Amino acid sequence: MATKTARAYTNIALIKYWGKKDKQLKIPYTNSLSLTLDKFYTDTKSEIIDSDKDQIYLNDELLDDAKSKRITNYLDFVRNYFGFDQHFLVKSVNHVPTSAGFASSASGFAALAASINQTMKLNLDNRSLSILARNGSGSASRSIYGGFVEWIAGTSNDTSYAVPIDEHPNIDLSLLSVVISQDTKKISSTSGMENSVKTSPFYDNWVTLVSSEINEIKQAIAQKDVQKIGELSEHNAMSMHALTLSANPSFTYFAPETIRVIQLVKSLRSQGVLAYVTIDAGPNVKIICTKESAEIVQKYIDDNLPAVTTVVANIGNGIQYI
Ligand code: 2P0
């Protein structure tokens, strides 16, 4: 039987992961909660090759050693973890256009983990797959499932994994992605979160805040209260970015246009439009809307900031084999 392609969708954290207790295992300080999106995904196919070196293609380009290092290191981890020694030809295609302003590590490592699961006939259940994906990139643990997903921080490799909260929520929520810059960020999430943990005087407060916001957002999800989901997500995102500003030395992922978009959203909100921002480790802004408000917000941003690109996404599925 021919090997299937594993498809994983990207996710946006509403209550964010920002800090590792264990760097090696990527065990976070807090739980986090995300929404899987339908527009952006990675397709990955792998096969065993008769070689002592992996060959990695990304978007039809064979990656050199430097570019493939993070992936081959991960495959070394996977070989060691399961005790096999085969090497792979991996072909990965990102349908996460850089122009959509999403990082591809979440969908990328989730698709890679699922693909190796297939090729090596590991028969992993979703929990084990989430653990495997987490070892590639923390946020990838959540892309195993669709809809609303919680990553349980845990305390060890076996206890840190994502669980579905509602994979197919019947909720009127759309996400507008506002792309300000497509440049690779200067401060990676990995080092940004490390600096925040080490030097922000507010880090302990963040840990306390996240545990209460996770509970509150789960209630809001159960009640299909999009406004409450938006309020909590915006507050959580601003609190995460406060950790970067209060780090020593301080840093920020915001660009001037990031602030401008926040102001435009607040102005619309004062006119009664449902719109709340969330921002990851980069300048781009994602706006939580209803289907109706997404159209209004998109037009308003397009009119006021003609240089930015906007894309509307809806709720996506978990891992698929096609
Ligand atoms: C998140 N981010 O919860 C947070 C919010 C960015 C801001 O997870 O070091 O690529 O590989 O575990 O998962 C991005 O960081 O970091 C991220 P590593 P990852 O989505």
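The crossing of helix 5 and helix 6 is left-handed. Helix 2, by contrast, passes helix 3 in a right-handed crossing. Both pairs come from a predicted model. Two packed helices are described by an angle between their axes and a distance between those axes.

**Helix 5 with helix 6**

- Helix 5 covers residues 203–222, and helix 6 covers residues 226–245.
- Their packing angle is about 165°, and the axes lie 10 Å apart.
- Angles over 145 degrees count as roughly antiparallel, so helix 5 is roughly antiparallel to helix 6.
- From helix 5, the contact takes in Tyr203, Trp206, Leu209, Val210, Glu213, Glu216, Ile217, Ala220 and Ile221.
- Helix 6 meets them with Lys228, Ile229, Leu232, Ser233, His235, Asn236, Ser239, Met240 and Leu243.
- Eleven residues of this contact are nonpolar, four are polar and three are charged.

**Helix 2 with helix 3**

- Helix 2 spans residues 105–119, and helix 3 spans residues 126–134.
- These two helices pack at about 125°, with axes 8 Å apart.
- That angle makes helix 2 oblique to helix 3.
- Helix 2 contributes Phe109, Ala110, Ala113, Ala114 and Asn117 to the contact.
- On the helix 3 side, the contact is made by Leu129, Leu132 and Ala133.
- Seven residues of this contact are nonpolar, one is polar and none is charged.

Terms used: Residues numbered from 1 in each chain as written. Predicted model: local features only at pLDDT ≥ 70, side-chain atom pairs only at ≥ 80, totals over all residues. Heavy atoms only, no water. Axes fitted to C-alpha atoms, helices over the stretch in contact; angles between N-to-C directions. Helix = DSSP H or I, 4+ residues; strand = E, 2+ residues; numbered from the N terminus. Parallel < 35°, antiparallel > 145°, perpendicular 65-115°, else oblique. Left-handed = near helix turned anticlockwise from the far one by under 90°. Contact = heavy atoms within 4.5 Å. Nonpolar A, V, L, I, M, F, W, Y, C, P; charged D, E, K, R; others polar.
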